[in-house]
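Let's take a friendly walk through this model together.

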Amino acid sequence: MGGMLCRPDANGLIMAQVSEHMNDVRPSDWPRVLVVAGLALILLYGAFYLYQFAQPIYGFILLALATGIAVIFGANRFYGARFIFPGVAAVLIFIAFPVVYTIYLGFTNYSSFNLLTKDRATEVLLSRGTVDETTEQPFLLVATDQQGVYQVWLPDSGLLSEPARLADADEPLALRPSAIPSETVSRREAVRLRNALRDLVLLTPEGRELQNAGLRSFASVVPSYVQIDIDRLERTSDGTVLTANPDTGFYETADGQQISPGWRVGVGLENFRTIAGSEGMRGPLVSIFIWTVLFAGGTVFIAFAIGLLLAIILQWEHLRFKAIYRILLILPYAVPAFISILVFRGLFNQNFGEINLILQALFGIRPDWFTDTTLARLMVLIVNVWLGYPYMMLLAMGFLQAVPEDHKKAATLEGASSVRVFFSITLPQIIPPFLPLLIASFAFNFNNLMLILLLTRGGPDIPGTLIPAGGTDILASFTYRLAFMDSGQQFGLAGAITLIIFTIVAVISYANFVAMRRAAARRSAAP
Amino acid sequence: MIVERPRDLLIKKILAHGFLLIFLALILFPFLVVVSISFREGNFAVGSFWPENPTLEHWYLAFGLDYTRADGTVVAPPYPVLRWMWNSIKIGLIASFGILVIATISAYAFSRIKIRGKAELLDGLFLIQMFPTTLALVALYAIFDALGEVVPMLGLDRHTSLIMIYLSMITLHVWTIKGYFDSIDTALDKAAEIDGATPWQTFRYVFLPLAVPIMAVVFVLAFIFVINDYPVASVLIRSQDQMTLAVGSRLYLNEFRYLWGDFAAAAILSGLPITVVFLVAQRFLVRGLSDGAVKG
């Protein structure tokens, strides 16, 4: 490659271009310093803003980013680091930090019940109100000459509000007795304005506040909770005092009854105790783990075997139409995986999928691909091998070319069969360079979320588990379901399981790293 | 030369072709069936391989057009496939371009500029990249959920958020491009230096023009990766209009609304362009994959 690119004439041409450009560069640092300072200031403002909005962690990250930019791009010492700063920052912020943060969440009770910060949860509780039904009365809207300005008409008490833009009305609108307006806005129009109406407050001549209480009526609303101090609320209906419990993240009554919504607090090892402690959790987790390893290992092994076999056939000197075979054989790799997987989901459909139609016609059987665990696992493996063998084939074709032809010839002349030649000459030579790629493939399939989510969604479900867990669920898809699907956004628990996956992936990654170093060393040792 | 008897050779040839043809028949079966289904009537209909009453209904719907059946009923497209395609392509192009810029600049620095702790940084990046995004999904959701409260542009359901995440997936590309830069003669940058070029100028006027071919490969690789991503997009994107193809396609085969025929047409329509791009690029791609992964 290098030789081709660095022909002398090309060199000369490029050099000429460079010197031409060199002349019109004026070394002045001012514009750069100004840009850097401006950018850093914007980021600092953002950091402050985030910090204020009770997102201190993100605030700190932005602060670090601003500092990084100011130092690296401001000081001339770090000229070289400027080139790698954007890449390294992106990797740290969007890969490294989220992984660490996910694991941190494993030590909290973050879930759909404890979703908010404490301030927000308190705010939600304080904004809750009970409608005083004795004051409830229907309303109609009256349009004015100005576009978007309305008046509210309460026919039962004969009161009309002052005109206002509904969405911008921050102050309560005063109501005055009035004659019946000639024309009111249609019901449909009023429904369209419901979001603007929701925050509207009307003030009766007696000084009572009325709020929107549903699509058709206004009423006076009594707040359900009143704040006593920073950690206590009073329930207005019965005077019960609720105390904030920092261990559970809920406001609780004296006898421990929890009021939703709660907020996020650290719970230490609680999630890990849940995982290890209950049979309904540990059982499925162990079975999911075993299946994950079998699935990843099985896929890699079978795909490797098939890919290698095909590569050997395609390399055979007497074979014709190689190019056509090659293109057709890599088609499964070329089609976007999400489409292929969904196609298989349809083909394997138990009732009207084409695969069962053919099996029925040929053998009179209709396997339950989606409801029988063993068959579902078989299906997952078949689909994944279909997706994965072309990659192995392409790699194997590359590595096979590197095996010296005379080694094979010598063995054949010694009378070794071609099978023997393959296992004692070819295979040992291609395994070492192949190993890091096989490990990487294993790691990829260990977390092959897309396949499981699109094909089976983990199903069929294992009966009698604490949390929905499926027969084809791998660790990653199980975690995904915990966090984002049918089990109530259990982010904390998902984070805890992520730590387990993290540990396994770390071991695999390290093994891959070592294997790669060895392969590289071998390559440089044998030129 | 190893001499083989002609008769044995013929048998071997027949066996090889026979095996390959049977294997191909099995492998390509899904594609053929999908083409057939896309012309079949109805979404459940069980039919013969050659559709008896071929219809273009599913194709009309895939292109976002209403279809009027023979009996006069009008069928509206179930999902905005073209919009999803546009979303995917838009996100793919922007993200790949960003990835290309960041990766090329970083690769140049890793290949040519003296930076303290460079080797360790490179190893560190590589190890971090091996951790799949799967592990970060919960945090990514939490981060963008919270950011969206403050900066709506960076909230859930926004393409900007998705693009920012994809921009971080550069390490493999840094390695590929670095490998390419490493193979360029060092005399070239020496000459530029003597002429008074700063490292940035050397990069901009010497290395960048040379790197165009490898950049094209990386661009295609990154584009295919982004288009194919399901986990991240499925976590961040919730509303139908904002979906990418990978997320939206899933809706067709819902247990309660099973649109097999409509899916088949939409799948071919959206899959074909990506497949063609891939087949054109695959030769370079494979080299990139094995080189990038093994270079130490």
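## A helix pair in chain A

In which hand, right-handed or left-handed, is the crossing where H14(A) passes H16(A)? The crossing is right-handed. Please keep in mind that this is a predicted model.

The two helices span residues 373-401 (H14) and 418-446 (H16) of chain A, and their axes come within 11 Å, crossing at roughly 160 degrees. Angles over 145 degrees count as roughly antiparallel, and H14(A) and H16(A) are therefore roughly antiparallel to each other.

On the H14(A) side, the contact is made by Asn384(A), Leu395(A), Phe399(A) and Leu400(A). H16(A) contributes Ile430(A), Pro433(A), Phe434(A), Leu437(A) and Asn445(A). Sorted by class, this contact has seven nonpolar and two polar residues, with no charged ones.

## Chain A as a whole

If you step back, you will find 19 helices and 16 strands in chain A. Its radius of gyration is 34 Å, well over the 24 Å that the globule rule gives for 527 residues, so chain A is more spread out than a compact globule. Along the principal axes, its C-alpha atoms fill a box of roughly 110 × 80 × 50 Å.

Buried residues make up 33% of the chain's 527 residues. Of the contacts in chain A with a separation of 6 or more, 57% join residues 24 or more positions apart.

## Where chain A meets chain B

Between the chains, 93 residues of chain A are in contact with 87 residues of chain B. Helix H5 (residues 81-105) of chain A supplies the largest share of chain A's side, with 16 residues. By class, that side has 71 nonpolar, 18 polar and four charged residues.

Definitions and conventions
Residues are numbered from 1 along each chain as its sequence is written. Chains are lettered from A and ligands numbered from 1 in the order in which they are written. This is a predicted model: local features need pLDDT of at least 70, side-chain atom pairs count only at pLDDT 80 or more; totals for chains, interfaces and linings use all residues. Two residues are in contact if their C-beta atoms, placed from the backbone, lie within 7 Å. Helices (H or I, at least four residues) and strands (E, at least two) are DSSP runs, numbered from the N terminus. Ala, Val, Leu, Ile, Met, Phe, Trp, Tyr, Cys and Pro count as nonpolar, Asp, Glu, Lys and Arg as charged, and the others, Gly among them, as polar. The radius of gyration is taken over C-alpha atoms; the globule rule is 2.2 Å times the number of residues to the power 0.38. A residue is buried if 20 or more other C-beta atoms lie within 10 Å of its own, exposed if 12 or fewer, and partly exposed in between; C-beta atoms are placed from the backbone. Axes are lines fitted to C-alpha atoms, for helices over the stretch in contact, and angles run from 0 to 180 degrees between N-to-C directions. Angles under 35 degrees count as roughly parallel, over 145 as roughly antiparallel, 65 to 115 as roughly perpendicular and the rest as oblique. A crossing is left-handed if the near helix is turned anticlockwise from the far one by less than a right angle, and right-handed if clockwise.
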